[in-house]
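Here are a few exercises to work through with the model open beside you. Try each task before you read its solution.

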Amino acid sequence: MQRIGVFVCHCGTNIAATVDVKAVAEALGHEPGVVISQDYQYMCSESGQELVKSAIKEQKLTGVVICSCSPRMHENTFRKAAASAGLNPYLVEIANIREQCSWIHKDIATATEKAIILGKAAVAKVALNTPLTSMESPVVKRALVIGGGIAGIQTALDIAEAGFDVDIVEKQPTIGGKMAQIDKTFPTLDCAACILTPKMVEASQNEHITIHSFSEVAEVKGFVGNFTVKIKKKARYVDETKCTGCGLCTEKCPMRKVPNEFNMGLDNRSAVYIPFAQAVPKVATIDPNYCMMLKNGKCGVCSKVCSVGAIDYKQEDRFIEQQYGAIVVATGFNPISLDKYDEFAYSQCPDVVTSLELERLMNAAGPNGGTLLRPSDKTHPHTIVFVQCVGSRCDDEKGKPYCSKICCMYTAKHAMLIREKYPDTEVYVFYIDVRTPGKNFDEFYRRAVEQYNVHYIKGMVGKVTPKSDGKIDVQASDLLANEQLHINADMVVLAAAIEPDKTARPLATMLTTQMDTNDFFTEAHPKLRPVESATAGIFLSGACQGPKDIPETVAQGSAAAAKAIGLLCKNSITCNPCVAHSDELMCNGCSSCEKVCPYGAITYIDKEFRMPDRTTKIRRVASVNPAVCQGCGACTVACPSGAMDLSGFSNSQIMAEVDAICK
């Protein structure tokens, strides 16, 4: 006989302001099997939990329904309360009458009616719930960090500091990411390389850290605590164990007109190259798209001059497989393509550059040795115009709807550096709003205006036109002065919006985690779990989750590391008992469930069945590994014969909810 208790939460006024809580409790008290139904101001409080515990013991409850907020918030809270009172925690159901009811309705009668319906559905389901027992699974004491920028480096260092082995997978030949391309950092204007390279060296020398550069994640299987990852190590055509990084091969290579990606294509490199002087690992890489030996079998100069015999033209891509307990995503960002922004003449005029290109032009290790020169004629620019929000905060299809967050500050940095080094250069900044959300950021921006006399103009640049005399006509509006401007500029710098790296979405598919509409990884909870993804064991670090500056990126990197360490410290984890299982008598062996399972939890076995005529028959049936299954339910939907079912969310339980709603 069912003895169900219903408890309806006011949640202050979050629920009670729109839902007649007492009426809900009264209505649900008349449902079959309900022996107690009452409301309380805050069910998640200690006294609210004690109310549930007392009712379980006194009323000998066989099931509990909590009508409150989202189960993501307090399902574990109420399950633990039920368990401490002697009730199986999986005999507790949450009816979400806050996010799915009170917060989306204004009419009290409508919201109250819906809350009652949601409560009835939960009562119908809990009546069919059965006790479930959680299993335990061992945790692999190793972490994977995907991305070797400052976020990934900081995360790996913190995990290694705790004594756990960690692998960094970086798709570029060296770690360092975008920070390696930056000259100075705001708001302190200190050298980016001076901050970053010690971290890079520390990561390379740490005995617990293995760096897989020029590599990509090819496949991810498994679950929290037990991920199996296949890593593709792309062919460098250079033996990493032999190369000393002397650079002789890069100097002697005859193919020296390859666009230099590290310098944003502003100069050339050789076909065999080391991205920059402080690269880690400092190992040469041969570009097969330009190497004459790899393309047509002619040349071989680099092999001849290499004294240690590190050049290997026959090297091929290879795969390694490793197990990890936790995975941290730190895939970073890239500036958006400006090909669609013809109004700024970016593709027409070499003197119209992006902010990242300006970083390389001003960098001592850049194409001009630190001297700011116009790309077109290598002359000193006397008038520079900065255009803010190019592709950011856009409603059209070309750009991004969000603020890229870092543009206002790095533009102020560029303006100050230019005015300090070249006082004869006039600097104009066209902006929509100046946003300075960080410690001492507003003071930094004010220095640019008040101390360095940078001309900040609130307005939009409408058109940029290259002129025959080498100058650039910038047509813009000054909204405060209410006038149109024409500025005769030598250079135009576009603060391009930033977007997630292109590898983020296919990686999210492999990790079975969530992304937003802008391809940023989605955190499990924006306030309470900001560095965790919705997929257990997957953590987020840096700009893969949203636009961030360096201090915020480093902070989140350490936060993600702390979460990963908390997981790796455990010898085993409790598995979710809500896993799929197959009715072997109904299974027809079609493989539909196996194909849709994102975790590889389903295999097929040949099983012997005894027929009514006492003969035996071998049939192919589905078998679920409960340690691997994460209870997503995809197999139950795909199964054409209805053989697959999900513990805790069985077909009969779901239909009971539907019936209760439709009454």
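**Exercise 1. Find which ring the charged end of K125 sits over, and describe the surroundings of that ring.**

Step 1. Start at K125: its charged end sits over the ring of F649, 4.6 Å from the ring centre. For this label, NZ of Lys or CZ of Arg has to be within 6 Å of the ring centre and within 35 degrees of the ring normal.

Step 2. This is a predicted model, so local features need pLDDT of at least 70 and side-chain atom pairs count only at pLDDT 80 or more, while totals for chains, interfaces and linings use all residues. Residues are numbered from 1 along each chain as its sequence is written, and side-chain values use heavy atoms, with hydrogens and water left out.

Step 3. Now place F649: you'll find it in the loop between β36 (644-646) and α17 (651-662). Helices (H or I, at least four residues) and strands (E, at least two) are DSSP runs, numbered from the N terminus.

Step 4. F649 has 40% relative accessibility, so it counts as partly exposed. The cut-offs are under 20% relative accessible area for buried and over 50% for exposed, with partly exposed in between (1.4 Å probe, protein chains only).

Step 5. Together with I654, M655 and V658, F649 makes a nonpolar surface patch of about 330 Å². Patch members have over 30% relative accessible area and no salt bridge; nonpolar side chains (Val, Leu, Ile, Met, Phe, Trp, Tyr) are joined within 5 Å, like charges within 9 Å.

**Exercise 2. Classify the ring pair Y402 and F520, and work out which parts it ties together.**

Step 1. Rings of Phe, Tyr and Trp (its six-membered ring) pair if their centres lie within 6.5 Å; planes under 30 degrees apart are stacked, over 60 edge-to-face, and the rest tilted. That rule gives 6 aromatic pairs.

Step 2. For Y402 and F520, the centres are 5.3 Å apart and the planes are at 70°, so call this pair edge-to-face.

Step 3. Y402 is in the loop between β21 (383-390) and α11 (407-421), and F520 is in the loop between α13 (504-511) and β29 (523-525), so the pair ties together parts 118 residues apart in sequence.

Step 4. Check the burial: Y402 is buried at 12% relative accessibility, and F520 is buried too, at 3%.

**Exercise 3. Compare where the partners sit in two salt bridges, E75 with R79 and K398 with E343.**

Step 1. Side chains of opposite charge can pair when their charged atoms come close. The rule here asks for a side-chain nitrogen of Lys or Arg within 4 Å of a carboxyl oxygen of Asp or Glu, and the count comes to 32 salt bridges.

Step 2. E75 and R79 have their closest N and O atoms 3.5 Å apart. They are 4 residues apart in helix α3 (residues 71-84), so about one helical turn separates them. E75 is partly exposed at 24% relative accessibility, whereas R79 is buried at 16%.

Step 3. K398 and E343 meet at 3.3 Å, N to O. K398 lies in the loop between β21 and α11, and E343 in the loop between β19 (333-335) and β20 (352-354), so this bridge ties together parts 55 residues apart in sequence. K398 is partly exposed at 30%, and E343 is partly exposed at 25%.

Key: Accessible areas come from the Shrake-Rupley method with a 1.4 Å probe; for residues, only the protein chains shown count as cover.
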